[in-house]
Amino acid sequence: MNKHIIKVHMATCLALVASLILSASCQHGGDSGGSREDRDSLATWVKLAPDELVMRPVGEFSRDWMALAMGNAKSYNSMTISWGSVGQLWNKPVVTVYVSSDRYSKKLMDNSNWFTISRFPDNREYKDGLIYLGSHSQKDDPDKTANSGLRVEFTELGNPRFKDAELVIECKKIYSDEFEKDKLPKDIKDGIYSSTGLHTMYIGEIVNVYEKHWQQEQVQSDSLSRKRSRK
């Protein structure tokens with residue numbers, strides 16, 4: 001076989017292997033290894049329109065959990081949530097979340113006009129962080145967000161979001177109301193609320209959606225765009 005052809009074949013194989021390695025490292029936020037700084041270098045936030053949002057809300061809230069954050073760079077808090085919904089209300093795209101009167105976060109949530117929810121890659125490292133957020137109070141652990149290992153940064157509007165997340169929804173609060181115990185079904189009243197405070201419902205209009213895009217995804221997207229432009 002011609003030496004030039006052999007070199008071309010070898011170069012093609014090496015490129016394919018490199019592509020597969022990069023793809024594996026990018027999948028699910030770099031689950032295959034590497035430092036967070038390495039993963040950060042491969043990732044960028046991309047803004048989506050609210051109607052481009054793709055989610056599985058039932059499973060993502062109840063099973064995977066999300067992180068709720070509110071406040072600003074001077075004072076912010078966060079907590080893990082497993083109740084919530086995403087949809088349409090009053091001709092607006094909305095997110096609804098619920099915070100118990102027992103939670104230290106509630107006061108800041110009441111006083112905030114904005115909040116974010118963050119979804120994380122399916123990774124034990126992030127799950128442990130969410131467990132920490134959900135089981136500690138900032139009242140007793142002032143640095144609980146930092147101690148969770150989940151990193152916070154701030155949006156262009158100054159709202160806290162999680163740098164390690166793969167999806168962030170930024171919302172402007174448009175309505176809130178506390179549940180009325182006498183209107184609750186008996187099994188809920190006697191079960192969930194037999195010994196805990198009531199939840200307040202917060203509805204937020206979706207203003208920004210941020211989705212984490214990985215370098216390999218961007219390379220593939222750019223390649224597809226170039227192919228289309230040549231047609």
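Author: Trp83, Tyr98 and Phe179 form one aromatic cluster, where rings of Phe, Tyr and Trp (its six-membered ring) pair if their centres lie within 6.5 Å; planes under 30 degrees apart count as stacked, over 60 as edge-to-face and the rest as tilted. The model is predicted: local features need pLDDT of at least 70, side-chain atom pairs count only at pLDDT 80 or more, and totals for chains, interfaces and linings use all residues. Residues are numbered from 1 along each chain as its sequence is written, and side-chain values use heavy atoms, with hydrogens and water left out.

By the ring rule, the count comes to seven aromatic pairs. One of them is Trp83 with Tyr98, an edge-to-face pair at 6.4 Å centre to centre with 75° between the planes. Trp83 lies in the loop between β3 and β4 (84–89) and Tyr98 in strand β5, so the pair ties together parts that are 15 residues apart in sequence; strands (E, at least two residues) are DSSP runs, numbered from the N terminus. Trp83 is partly exposed, with a relative accessible area of 34%; buried means under 20%, exposed over 50% and partly exposed in between (1.4 Å probe, protein chains only).

Two other Trp rings carry a lysine over the face. Lys127 lies over Trp65, at 3.8 Å from the ring centre, and Lys212 lies over Trp45, at 4.4 Å from the ring centre. A charge sits over a ring if NZ of Lys or CZ of Arg is within 6 Å of the ring centre and within 35 degrees of the ring normal.

Note on methods
Helix = DSSP H or I, 4+ residues; strand = E, 2+ residues; numbered from the N terminus.
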